[in-house]
Amino acid sequence: MKISEVLAKLKKAPDDTKYSKRMFKEYEEGKEDQIIKQSNSRHRRDWLIIADIYHDGNYNQKFHLQNYLEFRLQDGLTKDDLFETNCYRYLRNAALILYIREVIFEESTKQLEEAFNRAKKYYENNGRVNNCPNLRK
């Protein structure tokens, strides 16, 4: 699938999905960001700061993916480049991967639930944020 096809699908896509939203808030960057804000640390995730500036603080995986793709396009990729080999294969963020698997690849609820549970288990066993293995299809 080309990057242009992913961008076209995103135009009609929801901001988040059940699994991506829950993963973000309970286990990944959303949870991490709350801890960082409370500690007054200055090392927040770039895309969350960009969402604060340009998206009214609306943190969702649609914005995350659109932002990621725009960065990649500004960094030399073209809309005709393949999404899977040039973008998707490098992702390790479980919330974003779950979103892509549901919205872009249109996977079944069963597949998504299994992937969510694998990521949940990884984080419950003290896995590092944005480093969840074996979620990409």
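Reader: Hi! Where does Arg128 lie relative to helix H8?

Author: Hi! This is a predicted model, and in the model Arg128 lies in the segment after helix H8, which covers 109–124.

Reader: Is Arg128 buried or exposed?

Author: Arg128 counts as exposed, because its relative accessibility is 58% and the cut-off for exposed is over 50%.

Reader: Staying in the segment after H8, what about Asn134? What is its phi?

Author: Asn134 also belongs to that segment. Its phi is positive, about 60°, although Asn134 is not a glycine.

Reader: Now Glu106, please. What is its phi, and where is it found?

Author: Glu106 has a positive phi of about 55°, and it is not a glycine either. You'll find Glu106 in the loop between helix H7 (94–104) and H8. With a relative accessible area of 56%, Glu106 is exposed.

Reader: Great. Changing topic: which residues form the nonpolar patch on the surface?

Author: Ile49, Ile53 and Tyr54 form that patch, and together they have about 350 Å² of accessible area.

Reader: I'd like a distance to check in my viewer. What separates the C-alpha atoms of Ile53 and Leu82?

Author: They are separated by 30 Å, and the two residues are 29 apart along the chain.

Reader: Last topic, the inside! How many residues are in the largest nonpolar core, and which touch the most other members?

Author: The core has 41 residues, and those touching the most other members are Leu10, Met23, Leu65, Leu69, Phe83 and Ile100.

Reader: Which helices supply at least two residues of this core?

Author: Helix H1 (3–11), helix H2 (18–26), H4, helix H5 (61–74), H7 and H8 each do.

Reader: And which gives the most?

Author: That would be H7, with nine residues in the core.

How values were computed. Residues numbered from 1 in each chain as written. Predicted model: local features only at pLDDT ≥ 70, side-chain atom pairs only at ≥ 80, totals over all residues. Heavy atoms only, no water. Helix = DSSP H or I, 4+ residues; strand = E, 2+ residues; numbered from the N terminus. Buried < 20%, exposed > 50% of the residue type's maximum accessible area, 1.4 Å probe, protein only. Core = buried A, V, L, I, M, F, W, Y, C linked by side-chain atoms within 4.5 Å. Patch = residues over 30% accessible without salt bridge, like charges linked within 9 Å, V, L, I, M, F, W, Y side chains within 5 Å. Areas by Shrake-Rupley, 256 points an atom, 1.4 Å probe, with all protein chains shown as cover. Salt bridge = Lys/Arg side-chain N within 4 Å of Asp/Glu carboxyl O.
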